[in-house]
Amino acid sequence: MAYATFRSIGAYVPKKILTNEDLATMVDTSDDWITKRTGIKERHIAAKEEFTSDMGVKAAELALLRSGLAKEEIDMVVCATISPDYFCMPSTATVISAKLGLKNVTAFDISAACTGFIYALSIAKAFIESGMKKNVLIIGAEKLSAITDYSDRGTCILFGDGAGSAVISATDNKAEAIIDVHTGADGEYADLLMTPNGGSGSAHDALEQESSSCFMQMKGNETFKVAVRTLTKDVVEILEENGIQSDAIKHFIPHQANYRIIKAVGDALKMKEEQVVLTVAKYGNTSGASIPMAINDIYESGRLQKGELMLLDAFGGGLTWGSALIPFSPK
Ligand code: ACO
């Protein structure tokens, strides 16, 4: 049986920085409020002509380079995004494939909000273990600034842009294998986080819509409580099911939504400070890109070494959630 291994990581962050002070000139908020309630100090914003696919390409190029594979060896591309280049089609994964010059690949997007990267990981693992694919490029890429309402202080302070990517490959070495990936969803909570306009469910007729905007709306406080509960439960389950104690985790890499959520979950799981990876202060919430961007951060700073065990944990709109246990296995 083939196993799936996490072979390489890459990420890209756009140049422009939007600070809390900048936001305080746009809406009724302050650096103090944002820092205390979220831990976010700044986020990066893509240029107008920079698409989600462009950021995905830059992250994927790094992941490909670090994988040591030729691009011809990639046989599938999965892009997790809620801010695709185009509404409906073509998928951002096919745009990225074309920009990378990848031919003869299976390519598609998935929509699982902030859990998107973990969903993509589970799909890559399943395709590889079934023998259908050998090298899968997974990408989490978001231009959330394109779907953020910058007059809504409840959401605009949270989100940023960026992309992360990983190559997941077949191996026969069980020690390198992704140990487990959990994914789940509960549509009963759909109204906590939505982009209510723009889809077939929103309007009677496109011509009758008041606005074609597709901004995110969120019940922040309720989302916060569900997030802490769901993230903690999922991690407890994946650790128990695999007989792993939390002190065996070298890097706990939660979705970077809010420092207070990460702290509450980390404390509930008795994680030590040095185990918890934090990038929320500098990137804000980049949804499907947040986890691979955080993995890339510890990789590039030399903190992530071969064989070290990573625990990923995410939740997002849907609601969706997921977790994964992965030994880092670079070539
Ligand atoms: N600046 C100043 N005051 C604000 C701001 C702001 N930016 N936003 C809200 N407030 C005010 C509110 O109006 C309210 O005032 P009131 O007491 O006079 O009514 C007060 O601050 C408290 O508001 P809450 O919404 O209760 O604040 P909370 O502590 O919950 O923080 C936040 C809000 C940061 C949004 C938090 O709820 C949160 O992080 N929620 C989870 C977000 C998240 O993780 N989303 C999921 C993933 S995203 C995805 O899937 C794409």
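Which polar side-chain atom lies 3.5 Å from an oxygen atom of the ligand? In this predicted model, the atom belongs to Arg 260. Polar contacts are pairs of N or O atoms within 3.5 Å. A nitrogen atom of the ligand also sits 2.7 Å from a side-chain N or O atom of Thr 29. For Asn 221, the side-chain N or O atom is 2.9 Å from a ligand oxygen. The protein covers 75% of the 1000 Å² of accessible area that the ligand has on its own (Shrake-Rupley method, 1.4 Å probe).

The model is predicted: local features need pLDDT of at least 70, side-chain atom pairs need 80 or more, and totals for chains, interfaces and linings use all residues. Residues are numbered from 1 along each chain as its sequence is written, and side-chain values use heavy atoms, without hydrogens and water.

The ligand is surrounded by 27 residues (a heavy atom within 4 Å). Thr 29, Arg 37, Cys 114, Asn 221 and Asn 258 are the closest. The shell holds 12 nonpolar, 11 polar and four charged residues, with Gly counted as polar and Cys as nonpolar. Helix α7 gives the most, four residues. Helices are DSSP runs (H or I) of at least four residues, and strands (E) of at least two.

An open sheet of mixed pairing has the order β8-β13-β12-β11. Strands pair if DSSP finds at least two bridges between them. The edge strands are β8 and β11. Strands β12 and β13 are antiparallel over eight bridges. Ala 314 stands opposite Gly 322 in β13.

Key:
Polar contact = N/O pair within 3.5 Å; in protein donor to acceptor, adjacent residues only side chain to side chain.
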